[in-house]
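Q: Could you walk me through this structure, starting with one of its sheets?
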Amino acid sequence: MPRTRSAPNILLIMTDQHRADHLGCYGNGVLRTPHIDAIARRGVRAGRFYVANTTCMSNRATLMTGRMPSRHGVVHNGINLDRDHVTFVDLLKDAGYATALIGKSHLQAFGYDGAGRRTWTNAGTGTPPSPPLRDAVRATRTGPQYLNEWTPLWREGGRSAVDTPYYGFDHVELCTLHGDQVGGDYDAWLARRHADPASLRGPAHAISGPRHGTPQAWRTRMPEHLYPSAYIGERTCAWLEEHARQHATQPFFLQCSFPDPHHPYTPPGRFWDMYRPQDIPLPPTFFQQPRPDALERIHGRTRNGLSREGTAAFSVSPAECQEIIALTYGMISMIDEQVGRIDATLERLGLRGDTVVIFTSDHGDLMGDYGTMLKGPIHAQGVIRVPFIWREGQGKHDGRAGATLDIPAGTLDIARTILEKAGVAPYNGLQGLSLLPWLEGRQAPPPRRRGMVIESEQPRQTDPGLPRLRVRSLVTDRWRITLSNHAQAGELYDLREDPLETRNLWASADARTQRESLLLQLVQEMLDLSDESPLPAAVA
């Protein structure tokens, strides 16, 4: 079904593990992000935008499907998104859009992030079932079509391209992993530009290590122009130029997805020391005594010798915290330069007036809050709140320039919002709201939702004597309530009076009525998020 050129182009720019307050336009007075800030000045910035899950694959699958993790099944990293699930990109492609992805996808496992090739982890006794019968649904999410992002296979020469169409994308140039360790199509690009790429990567070849023995930080030998963020900027601009030259009348959806500012902390060149650690203020909650929940377990595991070189959250010293934040700021500033490069390409090609630009991230990072780093089944604001910026084409809705979207919103809403903007009807089972009426400043009542639901699951038991952790939160305009299957892990915060979430009111007698009301609202919202798919074949 070909579409006319009146359909808007859509450019979705994503970062990885990037919390909302790590941008100038979100109030950060140290970090310099002039290009992203300029997009926000000409667009609308969401003040309270929340993820559906705090891990990469889960929330990226929600973005693509417009469905909660408990619906699409990617409840943690290492679980592939079923190829049978419809994505909003499938619908755009079906409606005549050119579709492309440059950078990180993470809709399938990297090979280092969890379940992998179906390792048997069931705690049951007796003879294990044969592989096709090890899950409740027979033999799904396995086979060659689920090894598109398996980094060892790329590096062993067993894969040289993503099989397309890929969840709706006709064109894919893939990045896997993070920092100077990125693989996928980037590996081949790097090999064409340097005779010995391995000599540029990793701590063994680093120019120097961190200043404070900081975990997962090294001064990479990778030059700026060869670093993955530069690759993504270059290839995004190249795709835009090719599309403008060959398919100028066809609308496009282009996802430009940076693997940074995720750990390891390896900003190249001048970005390594762009920010001095001593100039970085410690988070106001850094010395806050940990609560008797997941944060306390992070500190306990770190004290007991947990490696800080993996993906599990860990605690840090003040100096390490400042070092990590400074390096993270360097990675973000490099991304900002590439965003400026891409935006300038839109302008040069005459595409800016017809292109909606969206900027967001897949989840945040504790980044020193309560003395901890990374993420997990922890629903603190630094992890669950991410940036969201929407800029219409030049001259469209200029009266909204610099406005703030105040309603609770989140990753769950992106798919339906894009589809409405493109004039494409949603599929049955799509969840979330279209934010378009509020983004465009139309007269619209507040949404009927009670707040945003956030889900987290641990893929296996990690705490002796406790069940596998499951967490659900509801975030409203004032409150965050978090319920867990670990009895002592309940949380309740008044975000208006306690925005740093330092006073847990869960056990407070004075907050009992509020807690019960919010628990009811959480249950009601979860009921509203029950699946509507599939449609019945008959009434009886």
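A: This is a predicted model, in which local features need pLDDT of at least 70 and side-chain atom pairs count only at pLDDT 80 or more, whereas totals for chains, interfaces and linings use all residues. Residues are numbered from 1 along each chain as its sequence is written, and side-chain values use heavy atoms, with hydrogens and water left out.

Q: OK, what is the strand order in the open sheet of 4 strands?
A: The order is β14-β15-β16-β17, with antiparallel pairing, where strands are DSSP runs of E with at least two residues, numbered from the N terminus, and two strands pair if DSSP finds at least two bridges between them.

Q: And which strands stand at the edges?
A: Those are β14 (452-457) and β17 (491-494), and each has a single partner strand, so one side of each is left without a neighbour in the sheet.

Q: How many bridges are there between β14 and β15?
A: β14 pairs with β15 (residues 470-475) over 6 bridges in the antiparallel sense, and within this pairing S456 stands opposite V471 of β15.

Q: Switching topic, what about the largest nonpolar core?
A: It has 129 residues, and F88, L92, F253 and L405 are those with the most contacts inside it; such a core is a set of buried Ala, Val, Leu, Ile, Met, Phe, Trp, Tyr and Cys residues joined through side-chain atoms within 4.5 Å, buried meaning under 20% relative accessible area with a 1.4 Å probe and protein chains only (exposed is over 50%, partly exposed in between). Its largest share, 13 residues, comes from helix α9 (residues 318-348), a helix being a DSSP run of H or I with at least four residues.

Q: Which residues does L92 touch?
A: Not counting residues up to four places away in sequence, L92 touches Y97, F253, I418, L419, A422 and V424, a contact being heavy atoms within 4.5 Å. Apart from that core lies another, of 13 residues, which include W479, I481, L492 and W506.

Q: Which side chains make polar contacts with the side chain of D343?
A: The side chain of D343 has a polar contact of 3.2 Å with that of R42 and another of 2.8 Å with that of R391, the term covering N or O atoms within 3.5 Å where, within protein, one must be able to donate a hydrogen and the other to accept it, and residues adjacent in sequence count only if both atoms are side-chain atoms.
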